[in-house]
Amino acid sequence: MSNTPSQASNGKIEKVVIIGSGPAGWTAAIYAARASLEPLVYEGFPKSSPSIVLPGGQLMLTTEVENYPGFPEGVTGPEMMADFKKQAERFGTRVVTADIDTVDFSERPFKLTSGKETIQAHSVIIATGATANWLGLENEMRLAQAGGGVSACAVCDGALPAFRDQPLGVVGGGDTAMEEAMYLTKFASKVYIIHRRDELRASKAMQQRVLDNPKAEVLWNKTVVDVLGDDRITGVTLKDTQTDETSELDLGGLFIAIGHTPATGFIRDSGLEFHDNGYLKVREPSAATNIPGVFGAGDVCDADYRQAISAAGMGCKAAIDAERWLGEQGIE
């Protein structure tokens with residue numbers, strides 16, 4: 001049921017346009033469609049790199065999802081997103097496989113541009129997600145896309161059978177890296193924290209928890225310069241930041257924990273408010289932003305949880321908030 005941009009709006013003012021197609025975007029579409037708001041979803045355009053937001057979000061890089069209710073046998077990330085999309089389309093959601101390039105929220109109806117097309121909308125839900133920051137190594141990218149044991153989310157993937165009783169690596173030195181390392185110690189035979197400096201950036205409390213754990217070991221002054229393995233990771237090549245010496249470390253999995261970047265570049269000059277870390281600011285507990293009629297959902301405004309189920313819940317809130325706001329404006 002996907003449409004080309006020229007078929008999407010036909011010059012009419014859309015009740016709600018949803019930008020993004022991860023769990024937040026599709027859930028918002030399901031709720032909006034069932035509320036007869038005839039949502040139009042811009043799902044994004046497929047790219048070749050996991051370092052940028054893909055249609056379907058970060059779940060497109062997740063081979064097995066075992067912590068989402070309703071899938072007792074687990075499901076792959078791409079399969080889950082395909083089902084979300086089908087459910088949204090079942091209720092009349094229209095889908096455009098393209099990006100929104102710019103937005104104009106200075107007056108209503110809002111104006112969005114995609115390529116040469118301008119779309120007008122009474123309300124907008126921004127659900128563009130966030131991308132993990134990667135090291136940028138060729139084999140890292142390839143194995144991450146292929147489900148070959150390289151991940152950016154220990155909570156999502158760390159409990160999978162392939163990682164159990166294996167030596168695992170975590171790249172990073174902040175609180176997120178320490179949290180991921182501690183989580184992985186429940187399953188791994190050993191967890192190596194690979195850090196490029198001689199001290200961690202994490203809080204003292206988080207550092208101490210890791211340093212006191214017998215299954216965790218910090219490799220100081222080390223960077224990953226190559227990820228080894230064909231179909232699945234077998235180890236990494238490390239470089240000492242002080243001596244430039246290289247060494248190899250056998251690993252059964254590698255988790256990159258050097259932060260995330262919210263996909264907000266196209267809305268940075270829109271008048272919307274952002275947190276200091278770049279995430280879109282919403283007026284919790286609602287999904288409303290500082291601009292009436294514009295709502296945020298999912299990882300684009302969530303720097304803490306970054307889970308499919310929390311994103312879906314935020315998508316639900318955004319759609320309900322948009323429906324109520326449109327009703328207040330006399331738009332039904």
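Visitor: Is Cys301 buried or exposed?

Guide: Relative accessible area decides this, and under 20% counts as buried. In this predicted model, Cys301 has a relative accessible area of 8%, so Cys301 is buried.

Visitor: How far is the sulfur of Cys301 from the closest cysteine sulfur?

Guide: The closest one belongs to Cys316, at 14 Å, which is too far for a bond. Seen from Cys316, the closest cysteine sulfur is that of Cys301, again 14 Å away and too far for a bond. Cys316 also counts as buried, because its relative accessibility is 17%.

Visitor: Which cysteines does a disulfide join?

Guide: The general idea comes before the case. A disulfide is a covalent bond between the sulfur atoms of two cysteines. The structure holds one disulfide. Cys153 and Cys156 are its partners, with an S to S distance of 2.1 Å. The angle about the S-S bond is 70°, and the link of Cys153 and Cys156 is right-handed. Cys153 is buried because its relative accessibility is 15%, whereas Cys156, with a relative accessible area of 23%, is partly exposed.

Visitor: How many salt bridges are there?

Guide: The rule asks for a side-chain nitrogen of Lys or Arg within 4 Å of a carboxyl oxygen of Asp or Glu. The count comes to seven salt bridges. One of them pairs Glu14 with Arg94, whose closest N and O atoms are 2.5 Å apart. Glu14 sits in strand β2 and Arg94 in strand β4 (residues 94–96), so the pair links distant parts of the chain, 80 residues apart.

Visitor: Are Glu14 and Arg94 buried or exposed?

Guide: Glu14 counts as buried, at 1% relative accessibility. Arg94 is buried as well, with a relative accessible area of 15%.

Visitor: Where do Lys12 and Glu38 lie in the chain?

Guide: The side chains of these two residues meet in a salt bridge, 3.8 Å from N to O. Lys12 is in the loop between α1 (5–8) and β2 (13–19), and Glu38 is in the loop between α2 (23–34) and β3 (40–42), 26 residues apart. Lys12 is partly exposed at 35% relative accessibility, and Glu38 is partly exposed with a relative accessible area of 41%. Asp244 and Lys239 form a further salt bridge, at 3.9 Å from N to O.

Visitor: Which residues touch the most other members of the largest nonpolar core?

Guide: That core has 59 residues, and Phe105, Leu112, Ile125, Ile126 and Leu272 touch the most other members. Helix α8 (residues 308–328) provides the largest share, nine residues. Apart from this core lies another, of 22 residues, which include Leu61, Ala152, Tyr192 and Ile233.

Visitor: What does Ile125 touch?

Guide: Leaving out residues up to four places away in sequence, Ile125 touches Val16, Val17, Ile18, Ile19, Ala28, Phe295, Ala297, Ala318, Ala319 and Ala322.

How values were computed: Residues numbered from 1 in each chain as written. Heavy atoms only, no water. Core = buried A, V, L, I, M, F, W, Y, C linked by side-chain atoms within 4.5 Å. Buried < 20%, exposed > 50% of the residue type's maximum accessible area, 1.4 Å probe, protein only. Helix = DSSP H or I, 4+ residues; strand = E, 2+ residues; numbered from the N terminus. Contact = heavy atoms within 4.5 Å. Disulfide = S-S within 2.5 Å.
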